[in-house]
Amino acid sequence: MIPRLRPPFRIGELLAAAFRRGRPDDEARFEARFAERFGFPQGLFFPYGRSALNTLLVALGWRDQEVLMPAYTCVVVAHAIALSGNQVRFVDSQPEHFLVSAEALQDRLSPQTRMVIPTPLFGYPVDRAGYREALRRRAPQALVVYDLAHGFGVEDEQGLQANEADAAIFGLGLGKQISTLYGGMLLLRDAHLAREVRRVRDTQFRPAGRWRGARLAAYGLAASWALREPFLTPVDWLERHTRLLHSVTEYYYGKGGPSLPDDLRTRPTRLQARLGLTQLAQYDAIVARRRELSARYERRLADRGFGLFAARFAPTFSHFPLCVAERDCVASALRLRGIQVGKLVDYACSDLPGYGASAGAHRWATWYGGHVLNLPNWPAMREAQVDRVVDTLSVIRDSRPEWFVASLAYARAA
Ligand SMILES: *Cc1c(COP(=O)(O)O)cnc(C)c1O
């Protein structure tokens with residue numbers, strides 16, 4: 001079976017990070033190099049991306065302040081805001097695209113907006129110029145914090161999309177472009193704010209326990225094997241038919257209501273910083289390969305008349321999104337033919353428990369939450385495997401055309 005994802009590190013690389021003697025300044029070097037690569041002067045390493053955002057809000061000392069984020073994105077972002085004592089406000093997707101438009105953003109901005117979280121989901125660039133103009137008109141005071149967990153080095157005509165932003169957060173979990181097993185990064189432009197966040201982190205966070213590095217390495221190895229045969233097929237079965245893996249799948253997101261993991265304030269280990277350094281060195285090659293594979297998907301799927309999402313500049317493709325009418329049917333049919341696909345964001349945040357006041361209010365986000373599939377595009381995939389995915393989709397569509405959408409506009413009308 002072709003897995004929906006593979007960790008971005010090799011097993012040898014993980015073992016080297018675990019067993020090679022590091023340097024005492026590995027974490028500081030990782031933070032500095034990461035910040036430099038993605039265009040910020042300041043970087044802080046955290047145990048999760050959500051921990052980075054939550055700590056930023058705590059360090060700002062805000063209570064009950066309004067933070068705008070997309071309704072169609074990972075719900076842990078909403079949890080990080082809500083549990084910092086601030087208010088989450090969602091912005092809907094567009095009828096033709098899962099991204100938030102500048103118009104939708106502008107409609108939701110007000111003098112009360114203190115923070116905005118532009119999110120280039122799946123590595124698709126947002127309308128930066130439009131967002132900038134909307135902010136200038138309606139909320140020039142707002143702090144702009146890009147969520148680059150999917151959009152690491154995402155660019156447009158003016159270079160890195162976050163190169164004017166106040167801050168950016170990144171996720172470094174197993175499914176991200178590069179990974180430190182678990183982990184997150186906060187990049188900041190302002191040195192004073194960075195000093196304050198660092199102070200909060202260094203006083204409120206616990207050091208990692210003695211065996212945490214070893215436990216994480218074991219987790220990384222288990223996950224690497226679980227996403228390869230002969231384990232992939234039985235693990236896929238367990239995931240669908242039992243609750244055994246819920247602790248690593250569902251719990252991770254907290255879809256049951258606002259919650260954050262117990263180790264939200266545990267410092268990452270040295271092993272993770274070392275792994276981060278070797279991963280960062282491969283970032284450019286990883287993204288180049290994802291773009292290559294995804295461009296192949298785009299060409300072949302377009303040739304066969306599948307509707308694709310438009311992009312204003314080449315996406316970095318943390319995932320390859322495809323809209324279908326009957327997602328579970330298509331996913332099962334693909335699985336029967338040896339292809340596992342993802343449904344990374346299968347909800348609108350505003351429809352989840354804890355955010356119920358706005359349930360149903362973001363209809364396009366809700367629609368994407370029910371209809372987007374993520375095709376495998378991990379960097380070690382071969383072209384022949386991409387072709388197999390496309391051919392298989394075509395075969396399934398030949399027998400069940402009603403499971404697919406001819407184009408996004410068509411889907412809306414239906
Ligand atoms: C993964 C992810 C995050 C946060 O990452 P964690 O490290 O899991 O807290 C934030 N935003 C998006 C869009 C993500 O996919």
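Predicted model: local features only at pLDDT ≥ 70, side-chain atom pairs only at ≥ 80, totals over all residues.
Modeller: Residues are numbered from 1 along each chain as its sequence is written, and side-chain values use heavy atoms, leaving out hydrogens and water.

Biologist: How many residues of strand S5 are buried?

Modeller: Strands are DSSP runs of E with at least two residues, helices runs of H or I with at least four, numbered from the N terminus. Buried means under 20% relative accessible area (1.4 Å probe, protein chains only). S5 covers residues 143-147 and is largely enclosed by the rest of the structure, because the buried count is five of the five.

Biologist: Which residues are buried on each face of S5?

Modeller: In a regular strand, side chains alternate between the two faces of the sheet. Both faces of S5 are covered. One side has Leu143, Val145 and Asp147; the other has Val144 and Tyr146.

Biologist: Which residue in S5 is the bridge partner of methionine 115?

Modeller: Two strands pair if DSSP finds at least two bridges between them. S4 (residues 113-116) and S5 pair in the parallel sense over two bridges. The partner of methionine 115 is leucine 143.

Biologist: Which residue in S8 is the bridge partner of valine 145?

Modeller: S8 spans residues 167-171. S5 and S8 pair in the parallel sense, over three bridges. Valine 145 has as its partner alanine 167.

Biologist: What share of the protein chain is buried?

Modeller: The chain has 15 helices and eleven strands. Of its 414 residues, the buried share is 56%.

Definitions and conventions: Buried < 20%, exposed > 50% of the residue type's maximum accessible area, 1.4 Å probe, protein only.
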